[in-house]
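Here are my notes on the model you sent. Please read them with the structure open beside you.

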Amino acid sequence: MNLILASSNSHKALEFSELFAGELQVTPAPSSIEVDETGKTFEENAFLKARAYYEKFKVPALADDSGLVIEEWPELLG
């Protein structure tokens with residue numbers, strides 16, 4: 001099965017293809033699109049990206065959103 005990655009990052013697409021060990025072929029999207037990441041979780045944002053890429057390119061899409069979590073340090077804020 002062929003999927004596009006909800007990113008135009010060819011290296012990330014290769015990593016996903018290797019992860020799925022030939023069961024799935026993951027290629028980068030033909031171009032990047034802006035997606036409003038309005039979800040409350042990384043999972044919700046990944047879903048929003050995958051859906052937006054599917055709607056644009058009409059190909060099953062795979063997305064990830066590892067995000068960045070930074071703990072607040074009140075002593076650094078003043």
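**Notes on the predicted model**

1. Glutamate 15 has a relative accessibility of 43%, so this residue counts as partly exposed. The terms are set by relative accessible area: buried is under 20%, exposed is over 50%, and partly exposed is in between, with a 1.4 Å probe and protein chains only. Glutamate 15 belongs to helix α1.

2. Residues are numbered from 1 along each chain as its sequence is written, and side-chain values use heavy atoms, with hydrogens and water left out. Helices (H or I, at least four residues) and strands (E, at least two) are DSSP runs, numbered from the N terminus.

3. How many salt bridges does the structure hold? There are two, where a salt bridge is a side-chain nitrogen of Lys or Arg within 4 Å of a carboxyl oxygen of Asp or Glu. Side chains of opposite charge can pair when their charged atoms come close.

4. Lysine 12 is partly exposed at 27% relative accessibility. Aspartate 64 is also partly exposed, with a relative accessible area of 27%.

5. Lysine 49 and glutamate 37 form a salt bridge through their side chains, at 4.0 Å from N to O. Because lysine 49 is in helix α2 and glutamate 37 is in the loop between β2 (25-28) and α2, this pair ties together parts twelve residues apart in sequence. Lysine 49 is buried, at 14% relative accessible area, whereas glutamate 37 is partly exposed, at 42%.

6. Asparagine 45 is in helix α2 (residues 42-57). Is this residue buried or exposed? Asparagine 45 counts as buried because its relative accessibility is 8%. Leaving aside residues up to four places away in sequence, asparagine 45 is in contact (heavy atoms within 4.5 Å) with Glu37, Thr38, Gly39 and Asp65.

7. A nonpolar core is a set of buried Ala, Val, Leu, Ile, Met, Phe, Trp, Tyr and Cys residues joined through side-chain atoms within 4.5 Å. The largest one has eleven residues, among them Ile4, Val35, Leu48, Tyr53 and Phe57. Helix α2 gives the most to this core, with six residues. A second, separate core has seven residues, including Leu3, Ala13, Val26 and Leu62.

8. The structure holds two aromatic pairs. Rings of Phe, Tyr and Trp (its six-membered ring) pair if their centres lie within 6.5 Å; planes under 30 degrees apart count as stacked, over 60 as edge-to-face and the rest as tilted. Phenylalanine 16 and phenylalanine 20 are stacked, at 6.4 Å centre to centre and 20° between the planes. The rings of tyrosine 53 and phenylalanine 57 are tilted because their planes are at 40°, with centres 5.9 Å apart. Tyrosine 53 is buried, at 3% relative accessibility.

Conventions. This is a predicted model: local features need pLDDT of at least 70, side-chain atom pairs count only at pLDDT 80 or more; totals for chains, interfaces and linings use all residues.
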